[in-house]
Amino acid sequence: MSSKSPSKIPHQSHRPPPKAKIAPPVAKPYTDTDGTIYPSKKAWKKSVKDATYELQKMVKRKKEKEEKRERREERERVEKEEMEKETEEERRGREERQLTAQKDRQKKIATQKADRLLKASSTFKITIDCSFETSMVSKERLSLSKQIIHCHAYNKRQVNPVRLDVVGLEGESRRGVEKMDGFPGSWGLFEDLTSIDKEGAVYLTADSENVIEELDPTKNYIIGGIVDRNRLKNFAIDRAKALHVEHGRLPINEHLEMTATKVLTVNHVFEILCRRRDVGWGDALLNTLPERKKAVCVEGEGEGGEDFKEDSKEDFKT
Ligand SMILES: C[S@@+](CC[C@H](N)C(=O)[O-])C[C@H]1O[C@@H](n2cnc3c(N)ncnc32)[C@H](O)[C@@H]1O
């Protein structure tokens with residue numbers, strides 16, 4: 001019997017043969033039936049999926065609008081029938097009640113508006129700078145209008161809203177926003193940024209070397225109204241320099257571990273700023289960013305946040 005234990009058998013004899021190195025597959029361009037060329041079949045599939053989703057969303061919205069219109073017409077019909085049966089006294093009573101209700105409503109709106117303005121004056125301002133209209137393509141402009149609408153709606157739902165101004169909104173982006181009920185009633189619209197207080201302005205850009213650690217309630221934070229899939233490199237920082245205003249980036253690296261892009265959408269930047277007033281950066285960022293970014297807080301952060309995900313359902317493109 002050999003004195004050698006199995007463990008003493010020279011190691012090399014069990015080593016598997018070296019694996020041949022396989023080069024990563026190179027995506028081949030894919031041509032659609034209508035002749036459109038995509039960088040790969042995967043890109044084509046994604047484009048089909050996106051288009052189907054947009055179509056389904058449109059059909060759903062159209063159906064909802066139609067149902068709403070039908071309900072309104074039915075209500076009006078019933079009201080009309082009842083009014084035709086009214087006596088003179090009943091008519092006078094109804095008109096009086098309607099007038100009182102209208103006055104109450106107007107009073108309530110005025111009080112709410114004054115209250116919101118008072119609350120908004122105690123926090124920073126946010127401005128969306130829409131001076132990049134001509135640099136974007138149609139699809140991007142449409143996405144920008146959706147993001148702006150999202151910011152406005154989000155702000156309206158806040159107990160403590162901020163003052164939100166939209167500057168230089170025109171062309172297709174404006175037409176997209178104009179479709180909203182109540183536009184331009186409660187919107188803060190301005191033509192250009194020439195009259196801004198330069199001292200108090202901070203242009204937000206992921207390309208800045210300045211990290212914003214604290215939000216200053218006296219500042220006006222400007223977000224570049226850009227949707228570009230990072231095609232328009234340095235547009236925001238160049239704009240800040242041209243305007244001679246301070247610039248800064250959100251402290252994403254400092255509070256999150258995330259491999260996805262740190263260039264965020266307009267609405268996400270807006271929501272993060274709003275949330276940061278109530279929670280730490282970790283929670284404000286984490287509760288805003290979509291799941292697909294697979295972000296996690298750096299150690300010791302992000303325990304106290306409420307779940308705000310509800311507000312960020314719409315996952316827009318940057
Ligand atoms: C989709 S990004 C536009 C990217 C564009 N290439 C640029 O030059 O800014 C929309 C806007 O959100 C703001 N933004 C996005 N990510 C940011 C970050 N990490 N820090 C600060 N601002 C950011 C900027 O104002 C930016 O212009």
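I will start with a term: a residue is buried if 20 or more other C-beta atoms lie within 10 Å of its own, exposed if 12 or fewer, and partly exposed in between, with C-beta atoms placed from the backbone. This is a predicted model, in which local features need pLDDT of at least 70, side-chain atom pairs count only at pLDDT 80 or more, and totals for chains, interfaces and linings use all residues. Residues are numbered from 1 along each chain as its sequence is written.

First, the whole chain. The protein chain has 8 helices and 10 strands; these are DSSP runs numbered from the N terminus, helices being H or I with at least four residues and strands E with at least two. Its radius of gyration is 28 Å, well over the 20 Å that the globule rule gives for 318 residues, so the chain is more spread out than a compact globule. That radius is taken over C-alpha atoms, and the rule is 2.2 Å times the number of residues to the power 0.38. The C-alpha trace spans about 120 × 50 × 50 Å along its principal axes. Of the 318 residues, 24% count as buried.

Next, domains. The assignment gives domain 1 (44–114) and domain 2 (123–312); such bounds come from an automatic or database assignment. The two centres, taken over C-alpha atoms, are 32 Å apart.

Now helix 7. How many of its residues are buried? The count is 11 of 11, and among them are Val266, Phe270, Glu271, Arg275 and Arg276. The buried residues of helix 7 pack against strand 3 (125–129), helix 3 (138–157), strand 6 (201–204), strand 7 and helix 8 (281–286). Contact here means that C-beta atoms, placed from the backbone, lie within 7 Å.

Strand 3 includes Thr127. Thr127 is buried, because 22 other C-beta atoms lie within 10 Å. Leaving out residues up to four places away in sequence, Thr127 touches Asp165, Val167, Asn220 and Ile222.

Last, the ligand. Which elements each supply at least two residues of the shell around the ligand? They are strand 7 (220–224), helix 5 (235–243) and helix 7 (266–276). Of the 24 residues around the ligand, Leu204, Ala206, Gly224, Phe235 and Ala236 come nearest; a residue is near if its C-beta atom, placed from the backbone, lies within 6 Å. The shell divides into 14 nonpolar, 6 polar and 4 charged residues. Here Ala, Val, Leu, Ile, Met, Phe, Trp, Tyr, Cys and Pro count as nonpolar, Asp, Glu, Lys and Arg as charged, and the others, Gly among them, as polar.

How values were computed:
Contact = placed C-beta atoms within 7 Å.
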